[in-house]
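Reader: I have a new model open on my screen and would like to talk it through with someone. Could we look at it together?

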Number of protein chains: 2
Amino acid sequence: MSTSKVIGVDVGGTKILAGVIDPEGKVLERVLIPSPTDSTEALLDGLDQAVTKLLSPEIEAIGFGIPSSIDQRSGMVLGTVNLPLQGLCFRQRMRDRFELPVGIDNDANVAAIAEWKAGVARGANDLVMITLGTGVGGGLILGGKPYRGSVGAGAELGHMVIRQDGVPCYGNCPGHGHLEALASGHAATLAAREQFGPEVDARELVKRGEAGDEAALALLHKIGESLGAAFGSLVNIFNPELIVVGGGFAAAGELILAPARERMALESLPNMAELTRVVVAELGPDAGMIGAGFVAYETLENAAATL
Amino acid sequence: MSTSKVIGVDVGGTKILAGVIDPEGKVLERVLIPSPTDSTEALLDGLDQAVTKLLSPEIEAIGFGIPSSIDQRSGMVLGTVNLPLQGLCFRQRMRDRFELPVGIDNDANVAAIAEWKAGVARGANDLVMITLGTGVGGGLILGGKPYRGSVGAGAELGHMVIRQDGVPCYGNCPGHGHLEALASGHAATLAAREQFGPEVDARELVKRGEAGDEAALALLHKIGESLGAAFGSLVNIFNPELIVVGGGFAAAGELILAPARERMALESLPNMAELTRVVVAELGPDAGMIGAGFVAYETLENAAATL
């Protein structure tokens, strides 16, 4: 039995969740602190504190899941919306600080890896993960391996064009009609506010839908249809075994997934939709931390392979 | 030096192009016959004739590129538009007939493999191929390997949703606003007819555009924009080194590719569009035959690996 241990860190916009993770993805110890987002220094200081609390001579590597696109060649954060990390050579910074192997990845990629290794997608070879949070993230496991793109900045499934010339996308994305602008928690909040007034956000919209409010159900149905159009594209592109849906707004459950499945069947080529199951993620808020732990193990394996 | 030889067969809707292919993708001998499309038997008879003309004791395997989605588990043709092959266990039929290892793949996948092994994309690790013909086909090389999906029916990039609730897609596809319905040769012909009358097809539209006809240029520009929206999605999904554009309608060249590149930049996340080059395929009408030859070699390698 392996006694290997690593630290996995979910670097969130509001909180940092770090844990000691074993090779099976079990969380042996954890630390939760609010994310200091005032400056790069403050945030790095917070991360250092969280990691230091968990450090021991047994820890072999550290992994970080970051809500940003990443250049895996340099270990640099390319683009980020909520955190002051853009342009930082994050991987090198952490290697220097802790003198351990460090792996970094996008937050949705680590969630996909977590669900694939230790969650609902265990054993699958080809799967697509969609995280519905404030934004929409994506992760890909293809041919039994995480797929990250030529420099590691891929799998941004929230930025598929679903409605050419549609509503502007969010943050620093210059696009229009992207999935993120149609089916994210933020999109749901905007639509809910327009319909019900400024006090209603995505969470309250789901509550009203669950209570049977017709207008809320119609809004959620519409969001589900855009999600399903994206699912149809993903079926035709990837012919995956699974589409795994995670993130806070996945709490809307069948209120969005039922219309999404229906639309997915309509947009898929004949005989293809039935090859893909749409399932809800299993690991919840721990997915990022656990997946970051698996990225740490991947870093160890890659280091061993190149020795 | 290897003296290995295979036969590659491009099974087209109008013609069958078969050739003897060496390991570098060189065409040593070729046969071209019209596709008999009246019945499954007639078509298989035509394929048998084409292959038989090229057979010799030196031939080690046969590969077929078929304009259909394929279930690689059974070697069955799942869905096909122009050829009477649906539901046929094509791979087994050819193995039985020729007593040789047989590989089959989708026509756009083989084109992608050809361009990757012997064409414009040589040496690339992550690339996306789009073939603009009557329909729009797709092929994926990811992490230095062809990606085909869980059963082999993936990479149908012509069936990405670009305009949710848009125009109906073609053939037996139940979707709406798919790339194929917006940027294929057939879509161009329909748009040209509507604008100029029944005698103008995609080819004539391109001619008029090249001659500077403003209305033709505007139509081609619009088609290019939809193509570019798809390119933007592909950049965000795959972070590929290359997007390779092939197929007959790629003859429109910069008349569609210039607006496509512009739109691609608009739909890509910050700093990502410049990581992907859009290039025109190099192998022309031979791509399918050459790629089918590489699929034959892949079949030999896989057989050797499992011995």
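This is a predicted model: local features need pLDDT of at least 70, side-chain atom pairs count only at pLDDT 80 or more; totals for chains, interfaces and linings use all residues.

Reader: How far apart are the centres of domain 1 of chain A and domain 2 of chain A?

Author: Let's begin with the bounds: the domain assignment gives chain A a domain 1 of 5-110 + 285-305 and a domain 2 of 123-281. Taken over C-alpha atoms, the centres of domain 1 of chain A and domain 2 of chain A are separated by 26 Å.

Reader: Which elements each supply at least two residues of the side of domain 1 of chain A that touches domain 2 of chain A?

Author: The contact draws 13 residues from domain 1 of chain A and 16 residues from domain 2 of chain A. On the domain 1 side, the classes are five nonpolar, five polar and three charged residues. The elements that each give at least two residues to that side are strand 5 (68-71), strand 6 (76-80) and helix 3 (107-118) of chain A.

Reader: Is helix 3 of chain A largely enclosed or exposed, and why?

Author: Helix 3 of chain A has twelve residues and reaches 16 Å from its first C-alpha to its last, close to the 16 Å expected. Its buried residues include A:D107, A:E115, A:W116 and A:K117. Because twelve of the twelve residues of helix 3 of chain A are buried, the helix is largely enclosed by the rest of the structure.

Reader: And helix 7 of chain A: how many of its 25 residues are buried?

Author: Helix 7 (residues 214-238) of chain A reaches 35 Å from its first C-alpha to its last, close to the 36 Å expected. Just after this helix, A:N239 takes a positive phi of about 45°. Helix 7 of chain A is largely enclosed by the rest of the structure, because its buried residues number 19 of the 25.

Reader: Which residues have the most contacts inside the largest nonpolar core?

Author: In soluble globular proteins, nonpolar side chains tend to be buried together. Here the largest nonpolar core has 205 residues. Leaving out residues up to four places away in sequence, A:V9 touches A:I16, A:L47, A:I62 and A:M289, among others. Those with the most contacts inside the core are A:V9, A:I62, B:V9 and B:I62.

Reader: Which helix gives the largest share of the side of chain B that touches chain A?

Author: Between the chains, 44 residues of chain B are in contact with 44 residues of chain A. The chain B side divides into 21 nonpolar, 17 polar and six charged residues. Strand 6 (76-80), helix 7 (214-238) and helix 8 (254-267) of chain B each supply at least two residues. The largest share, seven residues, comes from helix 7 of chain B.

Notes:
Residues are numbered from 1 along each chain as its sequence is written. Chains are lettered from A and ligands numbered from 1 in the order in which they are written. Domain bounds come from an automatic or database domain assignment. Two residues are in contact if their C-beta atoms, placed from the backbone, lie within 7 Å. Helices (H or I, at least four residues) and strands (E, at least two) are DSSP runs, numbered from the N terminus. Ala, Val, Leu, Ile, Met, Phe, Trp, Tyr, Cys and Pro count as nonpolar, Asp, Glu, Lys and Arg as charged, and the others, Gly among them, as polar. The expected span of a helix is 1.5 Å times one less than its number of residues. A residue is buried if 20 or more other C-beta atoms lie within 10 Å of its own, exposed if 12 or fewer, and partly exposed in between; C-beta atoms are placed from the backbone. A nonpolar core is a set of buried Ala, Val, Leu, Ile, Met, Phe, Trp, Tyr and Cys residues joined through C-beta atoms within 7 Å.
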